[in-house]
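Biologist: Could we go through this structure together? I would like to begin with its elements and then turn to the packing and the charges.

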Amino acid sequence: MWTSLLADPPPGQAVFVVEREQMVGFVSAGPTRESGAAPESDGEVYALFVDPRSWGQGVGRALMTRSVQYLTSMHLRHAKLWVFDANYRARTFYESLGWNDTGVERVDDRGRFLRYAYNL
């Protein structure tokens, strides 16, 4: 699935990659997929992955900065993302970039997730 997404993202969605001899991280973003949201003003960071061997090297920060720039270029006003509630490292990372826990949560077969938001 990821190979296909990285090679050919759906219309309106973007994937940004950091490579250092090999891919060490990627982020995908675009209009919100959430039902009931305003796709004309709401964006979403769908996925962020950084190889753990590259943690603490600015890769995630660069990818998140690029995704916010992309969503801003689409003239969106708000961005959101979902994060696994027990992933304290990721939650602290997002909060350090100015993202805020909205208090909205969802539960599925993988666990409990929290929605974070960012004003573009």
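Modeller: Helices and strands here are DSSP runs, numbered from the N terminus; a helix needs at least four residues and a strand at least two. Please note also that this is a predicted model.

Biologist: With that numbering, where does W99 lie?

Modeller: W99 lies in the loop between α3 and β5.

Biologist: Is W99 buried or exposed?

Modeller: W99 has a relative accessible area of 2%, so this residue counts as buried.

Biologist: Which residues does W99 touch, leaving out those up to four places away in sequence?

Modeller: W99 touches V45, M64, V68, A79, K80, L81, Y94, Y116, A117 and Y118.

Biologist: How far is W99 from G12 in space?

Modeller: Their C-alpha atoms are 22 Å apart, and 87 residues separate W99 and G12 in sequence.

Biologist: Turning to the largest nonpolar core, which residues touch the most other members?

Modeller: M64, L81, Y94 and W99 do, in a core of 24 residues. Two or more residues come from each of β1, β2 (23-31), β3 (42-50), α2, β4 (78-84), α3 (88-96) and β6 (111-119).

Biologist: Which element gives the most to this core?

Modeller: That is α2, with six residues.

Biologist: What is M64 in contact with, apart from its neighbours within four places in sequence?

Modeller: M64 is in contact with V27, V45, L48, L81, F93, Y94, L97 and W99.

Biologist: Let us look at α3. Which of its residues are buried?

Modeller: A90, R91 and Y94 are the buried residues of α3. They span an arc of only 100 degrees around the axis, so they sit on the same side of α3.

Biologist: What do the buried residues of α3 pack against?

Modeller: They pack against β3, α2, β4, β5 (100-108) and β6.

Biologist: And which exposed residues are on the face turned away from the buried side of α3?

Modeller: Y88 and R89 are the exposed residues carried there. Just after α3 comes G98, with a positive phi of about 100 degrees.

Biologist: Now the aromatic residues. How many aromatic pairs does the structure hold?

Modeller: There are six aromatic pairs. One of them joins F16 and Y70: the ring centres are 5.8 Å apart and the planes stand at 65 degrees, over the 60 degrees required, so the pair is edge-to-face.

Biologist: Where in the chain are F16 and Y70?

Modeller: F16 belongs to strand β1 (residues 14-19) and Y70 to helix α2 (residues 59-73); the pair links distant parts of the chain, 54 residues apart. Both F16 and Y70 are buried.

Biologist: Which residues form an aromatic cluster?

Modeller: F93, Y94 and Y116 form one cluster.

Biologist: Which ring faces does R106 lie over?

Modeller: R106 lies over the face of W82, at 4.5 Å from the ring centre. R106 also lies over the face of F113, in that case at 5.2 Å from the ring centre.

Biologist: On to charge pairs. How many salt bridges does a search of the whole structure find?

Modeller: The search finds eight salt bridges. One of them is between the side chains of E44 and R33, at 3.4 Å from N to O. E44 is in strand β3 and R33 is in the loop between β2 and β3; the two are 11 residues apart, and the pair links distant parts of the chain.

Biologist: Of these two, is E44 buried or exposed, and what about R33?

Modeller: E44 counts as buried at 5% relative accessibility, whereas R33 is exposed, with a relative accessible area of 54%.

Biologist: Which residue forms a salt bridge with R53?

Modeller: The partner of R53 is D51, and their closest N and O atoms are 2.5 Å apart. R53 counts as exposed at 65% relative accessibility, while D51 counts as buried at 11%.

Biologist: And which residue forms a salt bridge with R110?

Modeller: R110 pairs with D108, the closest N and O atoms being 2.8 Å apart. Here R110 is exposed, with a relative accessible area of 57%, and D108 is partly exposed, with 27%.

Biologist: Which residues are linked in a network of salt bridges?

Modeller: E34, D42, K80 and R115 are linked in such a network.

How values were computed: Residues numbered from 1 in each chain as written. Predicted model: local features only at pLDDT ≥ 70, side-chain atom pairs only at ≥ 80, totals over all residues. Heavy atoms only, no water. Phe/Tyr/Trp six-rings, centres within 6.5 Å; stacked < 30°, edge-to-face > 60°. Buried < 20%, exposed > 50% of the residue type's maximum accessible area, 1.4 Å probe, protein only. Lys NZ or Arg CZ within 6 Å of the ring centre and 35° of its normal. Core = buried A, V, L, I, M, F, W, Y, C linked by side-chain atoms within 4.5 Å. Contact = heavy atoms within 4.5 Å. Arc of directions from axis to C-beta. Salt bridge = Lys/Arg side-chain N within 4 Å of Asp/Glu carboxyl O.
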